[in-house]
Amino acid sequence: MKVGIYEQLVRAGKTRRAVLKGAASIAALAATSTGAIGALTRQASAQDNLRAQILQIPGVGKGSPTDADWQKVGELCLGATKAAVKEGEFAGVELTFMGLNNQNLHNFLFRGFLKPWEAYTGAKINWIDLAQADYNARLQQSIATGTVDFDIIEMGAPFEGDTAGRGLLDEMPDWVATQIEADDLVGYLKAPVGTWDGKTYRITIDGDCHTFAYRKDYFGDGSISGMAEVPTHWEDFPALAAALAGKTDPLTSAPAYGFIDPLKYQWGGFGFYFLADRAAAYAKHPDDQAWLFDPDTMKPRINNPAWVQAIQDVLDLVKANAYPPDQVNADPNATAFSQFLGGTGAALTWWGDVGSNARTSDTSVVGDVVGFSINPGAKRVYNSKSSAWEEKENFAPNMAYIGWGVYVTSRVSSDEKKRKAAWSAAAHLGGKDLSLWTAAYPSGFQPYRNSHFQYEEWEAAGYDRAFVEDYLGSNLDSYNHPNAAIEPRIPGIFQYYSIAEDELVKGVAGQYGSAQETADAIAAAWEKITDQIGRDNQVKLYKASLGM
């Protein structure tokens, strides 16, 4: 369903489920009306069969996918490559690919997906694997020293200012956009995301936003929390923590806890998003595009009352002993994969991995009891323009990282054979059908195409309808939210985030006297970064990123 149509129906009062059920009926009717166009129908049927086939590899509830599964999916999705590339056409070409090894996903899957591509095309790929916490430092070092040693990079849109803005990327050829069916992307991932100065550089492979995952068995009549429903505002989570004190988890019999924050925020800049989940509800006013900096001066807003409230929320829970022991050593990976999916904690915010892993990972114990929604809101919102709180409910889902993409660097721009090979490999990873598999199974990525929201495909793979509507709906509702908190694609954005993590950890450890002192330390560090990069240019780029 087109995003614009979806939004209109929701504004008219339709529920998410009603809208999507109606869309399915319309789609079925449209498919029937075009049945006379034989060739197109056969082509569509073949694609449907392929999508159904790959979603059975290995099948939901049949254990975690293996390297053999990734290779099988990669082989079955080679059709577009074979239509554009002759067998053996890239013989002798070597490419270097830099990406993540987070949770043994990302690059590990890419290896499997691209192994049949290598066998068909004759090209060879060498791999640079990075831990998530090391990613920003490695990329910034390459940029600063002028030693870009990779031809293809897995990268998020926030880094486009650091790379495309410095002429380090190769412009996407037109044939690539056609092959990957770029028009299928959800609205917020289309231009200007992936572009710089009007040129396109990115193949989107992910649709990052943070959503809220919670344990349904913690709430309702007779539940251990005593709460009828899961809290939907940040102000109510201290009461949840208090209600669970001394209780045991109904699945694991271990101690029960409420919302799980990753108190080891230092994660290469990516840990900052988890504070931003809280802060966005307080700080992202519906009438103001900006929430990180003042758009006219780049003065940080990180130490305004909204952000200070978010930090205070965390400090209050620390003081109340509301977290598991040694939570100061729990990074975001631990909160999602070791704690929440393993049965510790009532709720957390994270990327879509929690949804796909809940039902398809060998280590998850919460698949039957997990629910999803957009991030919690707040009962008041700070207006930076008037410097005053407004006592009104506010929701602002955090579009954390704007999704991973695959980019080709300018190292290949002067070698047409190598350039085509690099873009062909990238296009294979960003293909429409392969992307459905990565959305449905543990991959490090979440739904990001309009075609990913065909619920019947997920049901056929083994997901039950209620779970799919809940999980996919939380993503769709976040992408389409009118007050979504979207971060700027400006140079140095992860420098800001990384220094904020360092100061936040000090605040949690009690090295600052208050939440305000912690926020002030972050603001002072951010001012130094802006001055180093160049304030006037940052103002210009920040305004452009906000559409101002």
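A cavity is a set of points where a 1.4 Å probe fits but cannot get out, and its lining residues are those with an atom within 4 Å of such a point. In this predicted model, the largest cavity is lined by 13 residues, among which Asn-102, His-106, Trp-351, Asp-353 and Gly-444 lie nearest its centre. The volume of this largest cavity is about 120 Å³, and its lining is made up, by class, of five nonpolar, five polar and three charged residues.

The count of cavities of 30 Å³ or more comes to five. Sorted by class, the lining of the second largest cavity contains seven nonpolar and two polar residues, with no charged residue.

Trp-351, which is named among the residues nearest the centre of the largest cavity, is also one of the residues in contact with Gln-446. Gln-446 is placed in the loop that lies between helix α16 (432-440) and helix α17 (455-461). With a relative accessible area of 1%, Gln-446 is counted as buried, because that value falls under the 20% limit used for this class. When neighbours within four places in sequence are left aside, the contacts of Gln-446 include Asp-206, Gly-207, Asp-208 and Cys-209, as well as Gly-352, Ala-439, Tyr-471, Asn-475 and Tyr-479. For Cys-209, the backbone oxygen lies 3.3 Å from a polar atom of the side chain of Gln-446.

Cys-209 is itself buried, because its relative accessibility is 0%. Cys-77 likewise counts as buried, at 12% relative accessibility. As for links between cysteines, the structure holds zero disulfides.

A further buried element is helix α11, which spans residues 272-283. Since 12 of the 12 residues of α11 are buried, this helix is largely enclosed by the rest of the structure.

Key:
Residues are numbered from 1 along each chain as its sequence is written. This is a predicted model: local features need pLDDT of at least 70, side-chain atom pairs count only at pLDDT 80 or more; totals for chains, interfaces and linings use all residues. Side-chain values use heavy atoms; hydrogens and water are left out. Helices (H or I, at least four residues) and strands (E, at least two) are DSSP runs, numbered from the N terminus. Buried means under 20% relative accessible area, exposed over 50%, partly exposed in between (1.4 Å probe, protein chains only). A polar contact is a pair of N or O atoms within 3.5 Å; within protein, one must be able to donate a hydrogen and the other to accept it, and residues adjacent in sequence count only if both atoms are side-chain atoms. Contact means heavy atoms within 4.5 Å. On a 1 Å grid over the protein atoms alone, a cavity is a set of points where a 1.4 Å probe fits but cannot get out, and a pocket is an open set with protein on both sides within 12 Å along at least five of seven lines; lining residues have an atom within 4 Å of a point. Grid points are joined across faces, edges and corners, and a volume is the space filled by probe spheres set on the points. Ala, Val, Leu, Ile, Met, Phe, Trp, Tyr, Cys and Pro count as nonpolar, Asp, Glu, Lys and Arg as charged, and the others, Gly among them, as polar. A disulfide is a pair of cysteine sulfur atoms within 2.5 Å.
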